[in-house]
Amino acid sequence: MNEPLESIYDAIEFFEDHLYENVTVAQTADFIGYSLFHFIRMFNRIVHHTPYDYLIRRRLSESARILTNSHRRITDIAQDFCFQNQESYSRAFKRMFDMQPSQWREEAPSEEFVLMPKITLADLAFRNSDFFRSPELFIWSETRYQGLMTKIIEDKNGLQEWENSLAADLKNCLSDVSASPQVTITFSVNSDWRNRYEFIGIEKHKNQRQTLNLVERIVPAGNYAGIFYPVDFFKEARTYLFFTWFPAVCCRATCHEFFLLSFSVLSSQGRQLFVPVVISEKSNIRLKDSRAAI
Amino acid sequence: MIPIISEPRQILLAGMSFYGDPFDIHAGWDEENRIGELWNRWMRFLYHNPFCQNLAAEMPGFYEVHLYDEDTAEKGLFEVFVGIAIMESVLHKIPENLCLKNLPESKYAIFTLQGMDIKSDWENTIQLSLLESGLQRNDSYNFQYYDERFKGIQHIESSILDVYIPIKNLQ
């Protein structure tokens, strides 16, 4: 671990310790022994957020949790998180979540992949590794896959084992012994990431006969954000995509028909995670053809 | 790092500016951050404006001024201005798409940075040096002065620039 990375992580911890207290960017720079100018440059370079943007997004995310889980008045929550008044809190809240705090409290939407988590050391390691490449937006053509599917019960340590086991079973089912699983697709039954199914498959070409013991799944045509990741950094790549890149390029994750949440493709260039997105009119990022992705 | 203390001087500048976090789009040591974009915008303007080219030739050297306000400490936002020094007599001829900065009469502590020191946290080093020298800085701005000694960001090892810190008084 290099020294700037550790120092910037100390700054993140300092922010986390002061979500409920007034703290300035200059005080945080001072805490880690950097000048303000150097701190702003290094924080942006390592975290890919401005320091103030990180602090505000974390405060808003924690405040949203409290909105859902308590009956505390909105004006008090705004004050707890150091917003000048309820108006400035509501404005910032709407900018981040596209709804007012009162609406959030009423609807209590799923918090996963909406509320920005604390950035971890692993997140910083991923963002500053040699293999990190900035995500891109792609227009994807409808693609059919055949393979095996399972329900994901636990998302902590066991995910890779599920994948390996499914991939091994799939290889046994395929008539072409040289074929390797190419795609992992994550579906849900109700657009909720907590309740999801994992599919591992290979592309099914036109007029190809369906293998009886395999299921067919479709990746619908549409716009997808793609990011490369090494297998040990799936979670960090997803966090980067949802909480750092999407806000920066004015787009957000969406849920396609059949509740496809994301899919990963293994190609000669490595593993790439794709998430269906809605692109805001404000975005000026260019879309690439999906053939460029793989 | 020991500074040279200048005589009091007032500096009038013409150029372009940016306000915000200059590294919000790109934080590398290259021309892709907002300061780099500002320099590119300014140089493009200069290239197409013979009158300002003449002004730049009369008083050689470029200035990059960082100006701080109440949002700087709290949010990390500040103004960056790049431009050239001008005489008061040409004020009325300055094109309308340029901004003017009048840096009030002040003594300056001048620090010369060389090579990789330019990429270091020199603000911190300078701050320590000022404290050791008993100098009190004016926190509202400072500027970097670039002349023929600066060879470009790609040749930082052989480059030299001066950092000017306005000082209030000698204790």
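How many salt bridges are counted between chain A and chain B? In this predicted model, the count between the two chains is zero. Polar contacts, by contrast, are present: six residue pairs, both members at pLDDT 80 or more, are in polar contact between chain A and chain B.

The interface joins 16 residues of chain A to 20 residues of chain B. The size of an interface is often given as the accessible area lost when the parts come together. Between chain A and chain B, the buried area is about 1,600 Å², with carbon and sulfur atoms giving 64% of it. On the side of chain A, A:Phe37, A:Arg41 and A:Tyr52 together supply 40% of the area that this chain buries against chain B, more than any other three residues.

The elements of chain A that give two or more residues to the side touching chain B are helix H2 (25–31), H3 and helix H4 (51–69). Of these, H3(A) gives the most, with seven residues. By residue class, the side of chain A that touches chain B divides into eight nonpolar, six polar and two charged residues.

Within chain A, two helix pairs were examined. In one, helix H1 (residues 3–17) and helix H3 (residues 36–47) have axes that come within 10 Å and cross at roughly 95°. Angles of 65 to 115 degrees count as roughly perpendicular, and H1(A) and H3(A) are therefore roughly perpendicular to each other. H1(A) contributes A:Pro4, A:Leu5, A:Ile8, A:Ala11, A:Ile12 and A:Phe15 to this contact, while H3(A) contributes A:Phe39, A:Met42, A:Phe43, A:Ile46 and A:Val47. The contact of H1(A) with H3(A) comprises eleven nonpolar residues, with no polar and no charged ones.

In the other pair, H4(A) packs against helix H6 (residues 86–97) of chain A at an angle of about 95°, the axes lying 10 Å apart. H4(A) and H6(A) are therefore also roughly perpendicular to each other. From H4(A), the contact is made by A:Arg57, A:Leu60, A:Ser61, A:Ser63, A:Ala64 and A:Leu67, and from H6(A) by A:Tyr89, A:Ala92, A:Phe93, A:Met96 and A:Phe97. The residues of the contact of H4(A) with H6(A) divide into eight nonpolar, two polar and one charged.

Notes
Residues are numbered from 1 along each chain as its sequence is written. Chains are lettered from A and ligands numbered from 1 in the order in which they are written. This is a predicted model: local features need pLDDT of at least 70, side-chain atom pairs count only at pLDDT 80 or more; totals for chains, interfaces and linings use all residues. Side-chain values use heavy atoms; hydrogens and water are left out. Axes are lines fitted to C-alpha atoms, for helices over the stretch in contact, and angles run from 0 to 180 degrees between N-to-C directions. Helices (H or I, at least four residues) and strands (E, at least two) are DSSP runs, numbered from the N terminus. Angles under 35 degrees count as roughly parallel, over 145 as roughly antiparallel, 65 to 115 as roughly perpendicular and the rest as oblique. Contact means heavy atoms within 4.5 Å. Ala, Val, Leu, Ile, Met, Phe, Trp, Tyr, Cys and Pro count as nonpolar, Asp, Glu, Lys and Arg as charged, and the others, Gly among them, as polar. Buried area is the accessible area (1.4 Å probe) that two parts lose on being put together, summed over both. A salt bridge is a side-chain nitrogen of Lys or Arg within 4 Å of a carboxyl oxygen of Asp or Glu. A polar contact is a pair of N or O atoms within 3.5 Å; within protein, one must be able to donate a hydrogen and the other to accept it, and residues adjacent in sequence count only if both atoms are side-chain atoms.
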